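Notebook open, model loaded. I wanted to look at one helix contact and then at a sheet.

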Amino acid sequence: MAGGNDRSMKALREVWRRAENSLCADCGKPDPDWASSTLGVFICLSCSGIHRNIPSISKVKSLKMDHWDDAQVQFLAKHGNAVTKATYEAHIPIYYYQPTYHDCQVLREQWIRAKYERKEFTQPGKHLPYSDGVKEGILWKRGRDSGQFLPRKFLLSEREGCLKYFTKQDAKEPKINIKIDVINATFQPVKIGNPNGLQITYLKDNKTRNIFVYHESGKEVVDWFNAIRSVQFHYLKVAFPIASDNEIKNRLTRNFLKEGYMEKTGPKQREAFKKRWFTLDHRRLMYFKDPLDAFAKGEVFVGSRENGYSVQKGLPSGTQGNFSWHYGITIVTPDREYLFTCETESDQLDWIAAFTSVINQAMTPQEYASKCLDAASL
C-alpha cells in the first residue's frame, strides 16, 4: 500500500479486514481491493470500472496502490458495506434480480446504477419502471429463419398473464402469445453478439422455443428482464397462495447450468459423432446445430440417481462411432445410454459436474409430469 502515514495505513487495514467488507458490495466477489471514497463501499476491480463511469456519484481508489488520507479512511470506517447497503438496498423488490460476479456486464452495471445513481431502492413504495404489471416497447428480435435482427413490438401483461410480440407496430393480432408461467429469460451477450442480448425461452408443445432479442439501451433491456420477473412473481403468488415469497422467487427466471459444444452420436452408437451446441437447462439437455437456432434438434430428460440416471467419465469400451474429440461422457438413463465427447478435459469435467449436480437432486412431482410428457430423445 503506497503513500500515507503509518497511522492511516493501519486504520485502513482495520476497516478493510472487517467481515462485512470481505465481499464486493455490488457483486459479492471475495477479497475486494478497491473502495469508493464517496459511497464508503468496498468493491472489486470489475465493479470499480463501472463506478468510474459514474464519477458524479462515486470516486474509486485502489486500497493497495493509492493514497488514502485520514478523512477518507474515517469516512470508510463510518460507512462500509453494511451501513451503505442498509441505505441503498433498503427496499429491493423480492423479484428484482441481484447479479453476482458471474453475471454479464449489463446486469451488473444497471444494478449499480439503480442503487447509487437512480436510488431505486432507498424508499418504500417508490414507482419502478418494471413494477407496473404491464410493459410495452420495441425490442430487436432475431428472425427465426433469416437470422436478421428486426424491430418488433413486445407487450407484457400481468392481467393477461402473457408476453406477446407483433410483427408490425399496428398489428392487432400477435405473432406469438406466450403464457407467463412457461417463460424463462437469461442474458446471452456472447452468444447473441450484443452486450444487451437477452434470450427468451418458452415451452411450446413441451418443446423449448428460443427467441433472441436486444435493445440499444442497457437500462431498457434490464427493465424488461425485471418486468418479466415481476409479472411471473405476482402470477405465481396467485397460483400458489401458500408458497413463501422465497419459494416463489426461486421459481422465477434462471440461468442455464451449462452451455457449449460437444460431439454426439445416435442411438445405435455406430454413427459418426457430430459437433453440436448443447444447453443444460436444469433437467432438459438440448442440442442445436447452431447456438442461435429457434428450436432444439433434440431434447433428453435428465432425471435423478434414485430413478436410474447416472453420468460416467469416458465412453463404453468398443464404441464404434468415429469421433475427433477424445474426452468422453456417458449418460446412463433407464432407457439407453447417451454418448458425448468434449474437446478438452476441462470441458469434460465441467459437463460431468453439471450433470452430477442435476442427477443428485430428487425429482419434484412437476418434473415427473414433465418426464412423462417428454417423448423426444437425442
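At what angle do the axes of helix 2 and helix 5 cross? I got roughly 55° for helix 2 (residues 45–52) and helix 5 (residues 105–117), with the axes coming within 10 Å. That makes helix 2 oblique to helix 5.

Before going on, I noted the ground rules. This is a predicted model, where local features need pLDDT of at least 70 and side-chain atom pairs count only at pLDDT 80 or more, while totals for chains, interfaces and linings use all residues. Residues are numbered from 1 along each chain as its sequence is written, and side-chain values use heavy atoms, with hydrogens and water left out.

My terms for the helices: axes are lines fitted to C-alpha atoms, for helices over the stretch in contact, and angles run from 0 to 180 degrees between N-to-C directions. Under 35 degrees counts as roughly parallel, over 145 as roughly antiparallel, 65 to 115 as roughly perpendicular, and the rest as oblique. Helices (H or I, at least four residues) and strands (E, at least two) are DSSP runs numbered from the N terminus.

I then checked who touches whom (contact is heavy atoms within 4.5 Å). From helix 2, Ser46, Cys47, Ile50 and His51 meet Gln105, Arg108, Glu109, Ile112 and Tyr116 of helix 5. I sorted the residues of this contact into four nonpolar, three polar and two charged.

Which order do its strands take? I read 7-6-5-4-10-9-8, an open sheet of seven strands with antiparallel pairing. Strand 7 (176–179) and strand 8 (183–187) are the edges, each pairing on one side only. Neighbouring strands are turned by 35° against each other on average, direction ignored. Two strands pair here if DSSP finds at least two bridges between them.

On one pairing, seven bridges join strand 10 to the antiparallel strand 9 (residues 198–204), and tyrosine 202 has arginine 209 as its bridge partner. The hairpin of these two has two residues between the strands, and aspartate 205 takes a positive phi near 55° there.

Strand 10 also pairs with strand 4 (residues 134–142), antiparallel over two bridges. I followed lysine 141: its bridge partner in strand 10 is valine 213, and in strand 5 leucine 150 stands opposite lysine 141. Strand 4 and strand 5 (residues 149–157) pair antiparallel over nine bridges.

Notes:
Ala, Val, Leu, Ile, Met, Phe, Trp, Tyr, Cys and Pro count as nonpolar, Asp, Glu, Lys and Arg as charged, and the others, Gly among them, as polar.
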